[in-house]
Amino acid sequence: MPVRVVIAEDEAIVRMDLKEILEEEGYDVVAETGRGDEAVALVHQHAPDLAILDIRMPGLDGLAAARQITSEHLAAVLILTAYSQRSLSDEARDAGALAYLVKPFQKSQLVPAIEVALGRYQEMQALRNEVQGLEEQLETRRAVDRAKGVLMDRFSMKEHDAFNFIQKTAMHRREKMKAIAEQVVAGETVP
C-alpha cells in the first residue's frame, strides 16, 4: 500500500507542487490544508502515515500541530519550512518532528527526508510496542505472585503447586494468567 500523507502548507502553490511531487513518487496524499488546526483534525480523520507541516500557518502553527500529532502517536511528522534557524529545528525536534526540510527544496531532498521520518517512526512504534509488552508481562507477574501468596496462605499450597494451579486454570478456561490471578486474589477462583 502506498504511504498515506496529509499536507499542511499555507502557501497554495507550494502545497500544489508538494502534492504533485508526492503523487509522482507514489505517495497517496489523503488530505491537504493551509491551517495547522485543520491539519490535526485531518490527521485524526484520515490516519495517515506521515504529516508534512509548515511552521508558520494560521489557526495553529506547525510546531504546535506537531506536538499534538506526536503526543498521540498518530503519524510521523516532517517539518517543511522556509526557516533554517537552529532554534526552530531544535523546537521541531522537541515537538516530535522526525525530519526537517528547508524550502526551497528539491525532490531529491524530499523523498529521503520522508523515508527517514517514516523509518524513525516505525522504530519508535516498535519500541513503544515492546515497552507495552514488557509492562504487561510485569503486571502479570505481580498478579501471579500475589495470587500464589493467597493460595499458599489460605490453602497451604506450595509455591510450585500454586503456580501450576493458576497456569492450568488459565489454560482450561482459555483466559490469561493475570485474569485468573486476579480472580484468586478476589476469592472468585479457588482450588
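The predicted model contains an open sheet of 5 strands, arranged in the order β2-β1-β3-β4-β5 with parallel pairing, where strands (E, at least two residues) and helices (H or I, at least four) are DSSP runs numbered from the N terminus, and two strands pair if DSSP finds at least two bridges between them. Because β2 (28-33) and β5 (99-102) stand at the edges, each with a single partner strand, one side of each is left without a neighbour in the sheet. The twist from one strand to the next averages 20°, angles running from 0 to 180 degrees between N-to-C directions and axes being lines fitted to C-alpha atoms, for helices over the stretch in contact. Strand β4 (residues 76-81) runs parallel to β5 and is joined to it by 4 bridges, with Thr81 standing opposite Val102 in β5.

Helix α1 (residues 12-24) packs on the sheet, where it touches β1 (4-8), β2, β3 (50-53) and β4, and its direction makes about 170° with that of β2; contact means heavy atoms within 4.5 Å. Helix α2 (residues 36-46) lies across β1, β2 and β3 and runs at about 145° to β2.

Helix α5 (residues 107-155) packs with helix α7 (residues 177-186) at an angle of about 35°, their axes being 8 Å apart. The contact involves residues of α5 including Ala143, Val144, Ala147 and Leu151, and residues of α7 including Met177, Ala181 and Val184.

Residues are numbered from 1 along each chain as its sequence is written, and side-chain values use heavy atoms, with hydrogens and water left out. Local features need pLDDT of at least 70 and side-chain atom pairs count only at pLDDT 80 or more, whereas totals for chains, interfaces and linings use all residues.
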